[in-house]
Structure formats: C-alpha cells, structure tokens
Amino acid sequence: MEFSVEQIAGLAQLSLSPEEAEGLARDFAGILQFAAQMKEPEPVQRTAVAPSPLREDSPAPSLPREELLQNAPQTRDGFFVLPRAVGGRDDA
C-alpha cells in the first residue's frame with residue numbers, strides 16, 4: 001500500500017508548499033529504506049572469547065571480624081547496625 005505525501009499531509013491536516021512536500025518525500029523515502037534494511041539481519045561473526053582480565057575467584061582468608069567492625073559507628077552481636085531504609089521501627 002503506497003501513500004503520497006499529499007495524502008499523508010491531508011490526513012494530518014497539514015498544508016504544505018511544493019518545496020516542503022518534496023523535502024518530506026525525500027525524508028519518507030530515506031525512512032522507508034532504513035526500515036527495509038532493519039528487516040534483514042546482519043551476519044554475525046563468532047569470535048574467540050578473550051580471557052578474563054579479572055583475578056581468579058578462589059577462596060582466601062578474610063580479616064578478623066573485630067578488625068572489620070572496629071571503625072563502624074554502631075554494631076550489635078558482631079554485625080553492622082544501619083538505619084532502616086523502608087518502614088518499620090528504628091530499634092529493630
């Protein structure tokens with residue numbers, strides 16, 4: 001189904017000069033050409049997976065809990081105490 005710029009302008013209740021209609025016709029043609037390209041998938045070339053630049057994930061000893069908590073503003077039962085973010089009591 002094809003439409004002319006004049007038909008589209010009429011549906012949109014636009015009054016166009018001949019120069020504006022010609023410019024829109026070029027724009028529509030470009031848009032339709034781009035849309036046609038989008039229908040065709042681009043070929044994908046598989047590449048080798050590069051090794052991760054991150055260190056290997058392996059278990060290692062951590063710092064003692066007392067050392068981790070020593071600069072915390074508030075702790076309870078060996079854990080950090082933080083203000084509630086969503087509802088509830090502040091002392092829970």
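These are my notebook entries on a predicted model of one protein chain.

**Ground rules**

I number residues from 1 along each chain as its sequence is written. As the model is predicted, I take local features only at pLDDT of at least 70 and side-chain atom pairs only at pLDDT 80 or more, while totals for chains, interfaces and linings use all residues; side-chain values rest on heavy atoms, with hydrogens and water left out.

**Confidence**

I looked up pLDDT, the predictor's confidence in each residue, from 0 to 100. The chain has a mean of 85. I note that 93% of its residues reach 70 or more. I then went through the elements, which are DSSP runs numbered from the N terminus (helices: H or I, at least four residues; strands: E, at least two). Helix 1 (residues 5–11) has the lowest mean pLDDT among them, at 88. Strand 1 (residues 75–76) has the highest, at 95.

**Before helix 1**

I found Ser4 in the segment before helix 1. Ser4 counts as partly exposed because its relative accessibility is 27%. I also checked Ser4 against Ala21: they are 17 residues apart in sequence and 9.4 Å apart in space, C-alpha to C-alpha.

Phe3 lies in the segment before helix 1 too. I looked for patches, made of residues with over 30% relative accessible area and no salt bridge; like charges are joined within 9 Å, nonpolar side chains (Val, Leu, Ile, Met, Phe, Trp, Tyr) within 5 Å. Phe3, Ile8 and Leu11 form a nonpolar patch on the surface. Together they have about 320 Å² of accessible area, by the Shrake-Rupley method with a 1.4 Å probe, where only the protein chains shown count as cover for residues.

**Helix 2**

I searched for salt bridges (a side-chain nitrogen of Lys or Arg within 4 Å of a carboxyl oxygen of Asp or Glu). The count comes to 1. The partners are Glu22 and Arg26, at 3.2 Å, N to O. Both lie in helix 2 (residues 18–39), 4 residues apart, about one turn of the helix.

Gly23 is buried, because its relative accessible area is 16%.

Most residues other than glycine have a negative phi. Gln13 is exposed, at 74% relative accessible area. Asp77 lies in the loop between strand 1 and strand 2 (79–80). At 69% relative accessibility, Asp77 counts as exposed.

I also looked at Ala48, in the loop between helix 2 and helix 3 (65–69). Ala48 is exposed, with a relative accessible area of 75%. Ala48 and Leu14 are 34 residues apart in sequence and 54 Å apart in space, C-alpha to C-alpha.

**Rings**

I found 0 aromatic pairs. The rule takes rings of Phe, Tyr and Trp (its six-membered ring) with centres within 6.5 Å; planes under 30 degrees apart are stacked, over 60 edge-to-face, the rest tilted. I did find Arg65 over the face of Phe79, at 5.2 Å from the ring centre. The cut-offs here are NZ of Lys or CZ of Arg within 6 Å of the ring centre and within 35 degrees of the ring normal.

Note on methods
Buried means under 20% relative accessible area, exposed over 50%, partly exposed in between (1.4 Å probe, protein chains only).
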